[in-house]
There are 2 protein chains.
Amino acid sequence: MSDDARRSFWGWGVEGGGLDDDTVSMVRDALGHRFGAAAPAPVEAPRLDSVRLPTPRCSPPASIASIADVSAAERAGHTYGKAFRDVVRGLAGDFDAAPDFVAHPRTEADVAKVLEACEGARVAVIPYGGGSSVVGGVEARGLGRWAGACSLDLGHLDRVVEVDPVSRAARIQAGVLGPSLAAQLRPHGLAFRHYPQSFEFSSLGGWIATRAGGHYATLFTHVDDFVESMRVVTPRGIVETRRLPGSGAGPSPDRLFLGSEGTLGVITEAWMRVQQRPRWRAAFTARFETFAAGVRAVRELAQSGLHPTNCRLLDATEARLNALADGTEHLLFVAFESADHAPAEASARAVAIVREAGGVVRDGAGRPKESVEGDRDDAAGSWRDMFLKGPYLRDAIARLGYVVETFETAVTWDRFDAFHAGVLESVRAAVRAECGDGEVSCRFTHAYPDGPAPYFTVIAPGRGAARVAQWDVIKAAAGEAIVRLGGTITHHHAVGRDHRPWYDRERPPLFGESLRAVKRVMDPAGVLNPGVLFDA
Amino acid sequence: MSDDARRSFWGWGVEGGGLDDDTVSMVRDALGHRFGAAAPAPVEAPRLDSVRLPTPRCSPPASIASIADVSAAERAGHTYGKAFRDVVRGLAGDFDAAPDFVAHPRTEADVAKVLEACEGARVAVIPYGGGSSVVGGVEARGLGRWAGACSLDLGHLDRVVEVDPVSRAARIQAGVLGPSLAAQLRPHGLAFRHYPQSFEFSSLGGWIATRAGGHYATLFTHVDDFVESMRVVTPRGIVETRRLPGSGAGPSPDRLFLGSEGTLGVITEAWMRVQQRPRWRAAFTARFETFAAGVRAVRELAQSGLHPTNCRLLDATEARLNALADGTEHLLFVAFESADHAPAEASARAVAIVREAGGVVRDGAGRPKESVEGDRDDAAGSWRDMFLKGPYLRDAIARLGYVVETFETAVTWDRFDAFHAGVLESVRAAVRAECGDGEVSCRFTHAYPDGPAPYFTVIAPGRGAARVAQWDVIKAAAGEAIVRLGGTITHHHAVGRDHRPWYDRERPPLFGESLRAVKRVMDPAGVLNPGVLFDA
């Protein structure tokens, strides 16, 4: 994409970045074939001049007028995150939840000024990084006592400020998006190696605030473990933690802001642990006749101490929906990467473990190669490309009238079989009741020694704008089953506003009280992201 | 030791577990030789009937009388942790800080009862695991408004309650000590693999409450990363976190209790990630002419992605004091262990990295072997034995009249050279001023990609009971230098009461306010461990 490509105000990415018409036609045919009825023609993307955008309830306070934007484009573009329910509402021209203005701070001092001015004007402030929330995290919903809402866009704070090549760390402003971060680190021979599916349109600050899950499938999977220190602007002042490789001095202050989702302060920069660019890569794909065998292979890999970089299992439905297999095989992608050494021993041992568990691996697969872009194991390479393009595909399927969404969790291995069966049963029943028919598939995005992070995808025929309500019923069934069967309501999508009913049950009550007590310290007026995580 | 060996009330471990007289004589001769004057004869260990133990200020409340102990042995044995300044006071018969009684709960309900009864009686409660604090964490000092102090000894909560071999996790009561935990896991083929130097006399709950550093020198070094969930009894009720392999649902509740040092609640049990017992081990020792070369080797190993289990660097002084080398060489111990595979490739690569950095490694060293107890690389094996016996040796040196203590920290690699030089300079100056002469040595206990955890040992001639004050001056110089030069006041010894002056500076002020706000939620009367971490 070019630097000046315009962000889509209703869907993923940039305008013109979506699937071309021929591809949309192919998707339409495939889905029509699968669901036994011709899919409707794709609805057109909405035009900005025809959407429903409420009159602002307030103007930007004078002290921040110079960095505030009240244009329709900015207000519409900051109304929603990028969940299915956001896209459906966007396609329907429904921008009722629009913020009253968007602030674009250029400095940390500007951020403090926005908080002060908005608190004075009784305007809620919603921190906005890349805007890729899929849990209602950036939506000005249920404002209650607030006179209006300001979307605080950190996009101008987008620089790598300082690089420490000796410690392999960098001081990075929170508003930087994935590709720009990668580009700024590359001249130093360094890389961030954190690729959530939102990589192209999500920010460092957003990753930290939501405990994003990234590239590594085992070992350090959450961004949490890469934070060395951070600076946070709160309405009470700045919190700066000490840059340290490790510490045992009291509870970790960083861990309090990790997952705080903009409710306690605005992360403006962080010292992050970065990586040397990998030189070697060893990858292989395994095929399994049963999902259980694939699960066993992942568990054994996760407990082996080999720490594969990639260890992603797709069930047969997921593999078929992604055109990677015919629906009879479950696929496992395994990869090792290293900047230091060719991981031959580790990869060979992983092949042995996977074969022992019943996986079919091509002879000779998994040998380390010097890493060259594009030179990847075929299915895994296709998978990766599809991974980053996924949200565009999702938008196309939404335009074709389907319900299409994902949800994710984590659970210990001992519970997994019953958990997987129970979640599928509950969600499939809800899909049948709401949509008549539908696909529910499962993959593992991350794997720990004590359990996997399963990720589910739902595709089903829907009924126009009623699809928001249809999805909400399905999602409720999923949330209920997840919490009842011992999972977490989110492994890496965060809580936002949408996950509140289940998070409120998962969170120990006294911990909830504690978060509210901390909120009163950092943000006594409660101006920051009201409704997210807890009620202040 | 036998199960009924009696714990020493003034020093490390069990009575009779210390060095024998011949060994003490050898130590005396060696130190006399080093410091150019005959060391005084060792002072005798104090006798319980001759120590200064204050009259109790209060009796145990009636509701917990059946689990309370007011004996001199129990009160004296729970007066101090195991720091040098504790041992010196113990040897001098000074038990002025004794708790008024010791409670021995047998159940979680008992723990809640103790909190309730003590709050009602205005008696402060000091949670006590193994009693190995070296930072005044279990000492009833500065009670202020409290009518007395109860030492809450979790020792009866010592069972592995449940084992989940599929997820490799176990539900473990908090009062269990290291050896018993190992013994209870062994029949399941599992191990905890967490060996702080206090291993024999410290507890799971203590490790969690103080963010203990353990066996692994790289990767997951703190106990933090092995916690799956926990149960905590607070004066407001029980907090139970959800057992999960990973989650992104809000800030981690476990991370709030990790490092809370008994100020927010009493950890009664935890689901912990455990390990398969290692089958293979590959170890080697490297010798360096300069410390800088050893530092470079550790940094490159820590950044290599090889994740050695052991990666401990001893400077020449430390190596000499431990009789492992003659004082001209710096030593590095590197080891890999695995339950899954012989780590030949990793070990060979580590040897190459170390040699490239200037380390001398014996040809053929580092080849994996099937792991047999005792079958270790020689210097590393000696080091390990000495490691666990270290506190007994420390007590003997204290009995000989020396100042002998350690302090530790962590700092990023970019700052390390100046940090190391500056800390040594400040501490050596303080040692000269207080003691005339002395040794200050440094080793690395843990190593991260972005920095090491240096650990310093001080041995110097002292002046009887004045050694507490002498040490306090030296420690203040260390703390000042550490905080000024960018380190943390503690990597794994915790904060307790002794580290407060520097922790208070290291901790962001609004985070300190937040901890106090959380304290008011969990422990509104402030009955738990007053004076530790913060003033409520």
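A residue is buried if 20 or more other C-beta atoms lie within 10 Å of its own. In this predicted model, N529(A) has 29 other C-beta atoms within 10 Å and is therefore buried. N529(A) lies in the segment after α15 of chain A. Its phi is near 45°, a positive value in a residue other than glycine.

R168(B) sits in the loop between β5 (160-164) and β6 (169-173) of chain B. Phi of R168(B) is near 55°, again positive in a residue that is not glycine. R168(B) has 24 C-beta neighbours inside 10 Å, so this residue also counts as buried.

## How the two chains are related

Chain B is superposed on chain A by a rotation of 180° with 0.0 Å of shift along the axis, and the RMSD is 0.0 Å. The two copies are thus related as by a two-fold rotation axis.

## The interface

In chain B, 77 residues are in contact with 77 residues of chain A. Helix α15(B) supplies ten residues, the largest share of the side of chain B that touches chain A. By class, this side of chain B has 29 nonpolar, 29 polar and 19 charged residues.

Of the interface residues of chain B, 100% are also interface residues in chain A, so the copies meet through the same surface.

## Helix α15 of chain B

Helix α15 of chain B covers residues 509-522, 14 residues in total. From its first C-alpha to its last it reaches 20 Å, close to the 20 Å expected at 1.5 Å a residue.

The buried residues of α15(B) are L510(B), F511(B), S514(B), L515(B), V518(B), K519(B) and M522(B). They pack against elements of both chains. In chain A these are β8 (227-234), β9 (237-240), α7 (253-257) and α15 (509-522). In chain B they are β8 (227-234) and α7 (253-257).

## A helix pair in chain A

Two packed helices are described by the angle between their axes and the distance between the axes. For helix α3 (residues 84-91) and helix α13 (residues 467-484) of chain A, the axes come within 9 Å and cross at roughly 170°. Angles over 145 degrees count as roughly antiparallel, and α3(A) and α13(A) are therefore roughly antiparallel to each other.

On the α3(A) side, the contact is made by F84(A), R85(A), V88(A) and R89(A). They meet R467(A), V468(A) and W471(A) in α13(A). The residues of this contact divide into four nonpolar, no polar and three charged.

Terms used
Residues numbered from 1 in each chain as written. Chains lettered and ligands numbered in written order. Predicted model: local features only at pLDDT ≥ 70, side-chain atom pairs only at ≥ 80, totals over all residues. Helix = DSSP H or I, 4+ residues; strand = E, 2+ residues; numbered from the N terminus. Expected span 1.5 Å × (residues − 1). Buried ≥ 20, exposed ≤ 12 C-beta atoms within 10 Å, placed from the backbone. Contact = placed C-beta atoms within 7 Å. Nonpolar A, V, L, I, M, F, W, Y, C, P; charged D, E, K, R; others polar. Least-squares fit on C-alpha atoms with pLDDT ≥ 70 in both. Axes fitted to C-alpha atoms, helices over the stretch in contact; angles between N-to-C directions. Parallel < 35°, antiparallel > 145°, perpendicular 65-115°, else oblique.
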